[in-house]
Amino acid sequence: LFLDTDRQYTMAYFTDPANSLEQAQIDKKALVAAKLHMPADASGMRVLDIGSGWGGLGLYLNRIYGCEVLGVSLAPDQVKFANERAEAAGVADKVKFQLIDYRDVTGRFDRISSIGMIEHLGKGHYGEYFAKCFDLLANDGVMLTHTIGRAGPPGPTDAWARKYIFPGHYLPALSEMVTPAEYTGWEVADAEVLRYHYAYTLAEWYRRTTLHETEITALYDARFFRMWQFYLAGTEQ
């Protein structure tokens, strides 16, 4: 109810703060593709999308660049919905979503995207994550990891958000990601901080949440609605 029409539960990219959330999320997918160095014709390429959400990015990459996409997730409802979207778009032979742990994926991929998944791993698993992805990526491949992070050094996460919003999450410092990447063979080619784009995104999510107060309260209760408002407003700040 509070997301854009493509259900992108991730930071949007506001080239203009006046843009709609829908436009900003399209621009975000274009930014991801640019960072992945997607060629204009990627019809012979395979892309792995780790933590594929509602399928929006995978379908976008196939539609714009013609690549094959495998999306993996541990959320059964998202996998089912994403496969239904691929079927409806007539690309189910090219874009597939599987209920599988990324560590159990086999094969080689020309590109790997991981949007908003590493927050759920815990810092003790970063080495394993980067090593597995290194093995899955072609020698001339490119990978993008996108995460909510922290501005300062490593430290504890917020107890309230850990209990009510993202159970078990950990937000990495840049140093905690770069070090295990280096030790597992990666060349870090690009790092960009987009925190103000996330503030614009959260403000719009808050606005849309408030518009849907009746529906959200009916689905859950008034306490949940206030909690969700508090999460969005606090994170924006």
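A crossing of two helices is called left-handed if the near helix is turned anticlockwise from the far one by less than a right angle, and right-handed if clockwise. With that in hand, here are a few notes on the model.

1. **Ground rules.** This is a predicted model, in which local features need pLDDT of at least 70 and side-chain atom pairs count only at pLDDT 80 or more, while totals for chains, interfaces and linings use all residues. Residues are numbered from 1 along each chain as its sequence is written, and side-chain values use heavy atoms, with hydrogens and water left out. Helices (H or I, at least four residues) and strands (E, at least two) are DSSP runs, numbered from the N terminus.

2. **H1 against H7.** Helix H1 (residues 21-35) passes helix H7 in a left-handed crossing. Their axes (lines fitted to C-alpha atoms over the stretch in contact, with angles from 0 to 180 degrees between N-to-C directions) come within 11 Å and cross at roughly 140°. That angle makes H1 oblique to H7; the classes are roughly parallel under 35 degrees, roughly antiparallel over 145, roughly perpendicular from 65 to 115, and oblique for the rest. Leu 21, Glu 22 and Gln 25 of H1 meet Thr 201, Glu 204, Trp 205 and Arg 208 of H7, where contact means heavy atoms within 4.5 Å.

3. **H7 against H9.** Helix H7 (residues 195-211) and helix H9 (residues 222-236) have axes that come within 8 Å and cross at roughly 160°, which makes H7 roughly antiparallel to H9. This crossing, too, is left-handed. On the H7 side the contact includes Trp 205 and Tyr 206, and on the H9 side Phe 225 and Trp 228 are among the residues involved.

4. **H2, an enclosed helix.** Among the buried ones are Leu 57, Tyr 60 and Tyr 65. The buried residues pack against several elements, including H1, helix H3 (76-88) and strand S4.

5. **Ser 113.** Which strand holds Ser 113? Ser 113 lies in S4 (residues 109-115), and at 0% relative accessibility it counts as buried. Its side chain makes a polar contact with the side chain of Asp 49 (2.8 Å); such a contact is a pair of N or O atoms within 3.5 Å, and within protein one must be able to donate a hydrogen and the other to accept it, with residues adjacent in sequence counting only if both atoms are side-chain atoms. Leaving out residues up to four places away in sequence, Ser 113 also touches Leu 57 of H2, among others.

Terms used. Buried < 20%, exposed > 50% of the residue type's maximum accessible area, 1.4 Å probe, protein only.
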